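Subject: Structure handover

Hello,

Here is the structure for you to look through. Please open it first, then read my notes below.

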Amino acid sequence: MATFTYYLARQRVFRCLIQRRFYCMCISGKKSVNGVNLFYQFTGQGSHALLLMPGALGSGPTDFGPQLEKLNKSRFTVVAWDPRGYGRSRPPDRDFPADFFHRDAKDAVDLMQALGFTRFSLLGWSDGGITALIMAALNHGLINKLVVWGSNAYVSEEDIQIYQSIRDVSLWSERMRRPMEEMYGAQYFRETWEKWVDAMRQFAYNPQGNICTELLHLIHCPTLIVHGAKDPVVPYFHPQYLLKNIKDSRLHVIPDGKHNLHLRYTSEFNTLVEEFLND
Ligand code: TYC
């Protein structure tokens with residue numbers, strides 16, 4: 001933590017507009033990790049460190065505006081990162097080798113260690129939650145508590161059909177597509193999204209569509225699984241599977257929540273998470 005505090009002192013704090021609606025007194029920077037310059041933001045000065053982990057093609061500013069702005073800054077030091085090839089962690093362009101979730105997990109651990117954190121909790125959304133599950137399973141001493149939502153440990157036939165139905169971004173609503181096109185440009189976004197869908201479909205060739213099921217029993221930290229009952233892309237059997245296979249886990253369902261429940265039901269989500277982390 002000392003290294004990190006020293007590092008902070010040398011950074012410029014600025015108020016940045018995120019998601020067009022939220023302001024965050026965030027410090028941002030890039031850190032060279034595993035040969036890539038990873039972008040991160042952080043805010044708050046609490047003793048409990050948190051890492052916010054975005055979803056597919058996501059980034060700190062696009063995926064976590066209300067968390068960066070509103071999570072309790074005296075209790076938490078909140079860090080958000082952009083995985084390699086996403087958001088402002090470019091170059092490089094994103095690719096999807098078979099082990100890309102494990103690669104993200106190692107990048108995230110190494111980034112937090114490079115920033116001087118010796119113990120922290122994880123808030124992982126969707127793909128970020130898959131990465132967080134792997135991190136928690138493989139780094140016991142490092143991970144304090146875990147929160148995941150919209151995540152899956154394997155790919156089923158139903159998931160494959162959902163992936164296929166959203167592969168063509170020209171069929172997306174303007175509201176969903178525009179922020180991504182603004183961040184990436186239309187071509188990079190379209191091509192990278194298609195690569196992501198194809199990579200997810202590859203998991204179907206693993207036994208039982210495995211992504212990280214064999215690691216779940218290694219997760220020992222307290223785990224909160226959140227699910228939106230109206231999530232159109234992640235069926236309910238996924239959070240149920242996580243609940244059954246992670247020892248110290250509990251499930252909280254938000255009845256009207258969809259996939260982006262933390263953006264839509266911010267105060268319910270933030271309160272739930274803060275209570276779990278403070279507990
Ligand atoms: N995992 C995606 C993300 O990280 C969301 C998603 C889940 C998309 C399931 C399609 O069938 C799907 N945002």
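A residue counts as near a molecule if one of its heavy atoms lies within 4 Å of it. Keep in mind that this is a predicted model.

**The ligand**

Which residues surround the ligand? They are G55, A56, S126, D127, I162, Y163, I166, W196, V233, V234 and H259. Three of these residues come with a distance. A polar backbone atom of A56 is 2.7 Å from an oxygen atom of the ligand. S126 uses its side chain: an N or O atom there is 2.8 Å from a nitrogen atom of the ligand. D127 also has a polar side-chain atom 2.8 Å from a ligand nitrogen.

**Helix 6 and helix 8**

Look next at helix 6, residues 157-165, and helix 8, residues 186-202. They pack at an angle of about 165 degrees, and their axes are 10 Å apart. Angles over 145 degrees count as roughly antiparallel, so helix 6 is roughly antiparallel to helix 8. Their crossing is left-handed. Helix 6 brings I160, Y163 and Q164 to the contact. Helix 8 brings W196, V197, M200 and R201. Five of the contact residues are nonpolar, one is polar and one is charged.

**Helix 7 and helix 8**

R177, M180, E181 and Y184 of helix 7 meet A186, Y188 and F189 of helix 8. That contact has five nonpolar residues, two charged ones and no polar ones.

**Backbone features**

Most residues other than glycine have a negative phi, and most peptide bonds are trans.

- The peptide bond from R90 to P91 is cis, with omega near -10 degrees.
- P91 and P92 are also joined by a cis peptide bond, with omega about 10 degrees.
- L57 has a positive phi, near 60 degrees, and is not a glycine.

Where does P91 lie? P91 sits in the loop between strand 5 (76-81) and helix 4 (100-114). P92 lies in the loop between strand 5 and helix 4 as well. L57 is in the loop between strand 4 (48-53) and helix 2 (60-63).

Best wishes

Terms used. Residues numbered from 1 in each chain as written. Predicted model: local features only at pLDDT ≥ 70, side-chain atom pairs only at ≥ 80, totals over all residues. Heavy atoms only, no water. Axes fitted to C-alpha atoms, helices over the stretch in contact; angles between N-to-C directions. Helix = DSSP H or I, 4+ residues; strand = E, 2+ residues; numbered from the N terminus. Parallel < 35°, antiparallel > 145°, perpendicular 65-115°, else oblique. Left-handed = near helix turned anticlockwise from the far one by under 90°. Contact = heavy atoms within 4.5 Å. Nonpolar A, V, L, I, M, F, W, Y, C, P; charged D, E, K, R; others polar. Polar contact = N/O pair within 3.5 Å; in protein donor to acceptor, adjacent residues only side chain to side chain.
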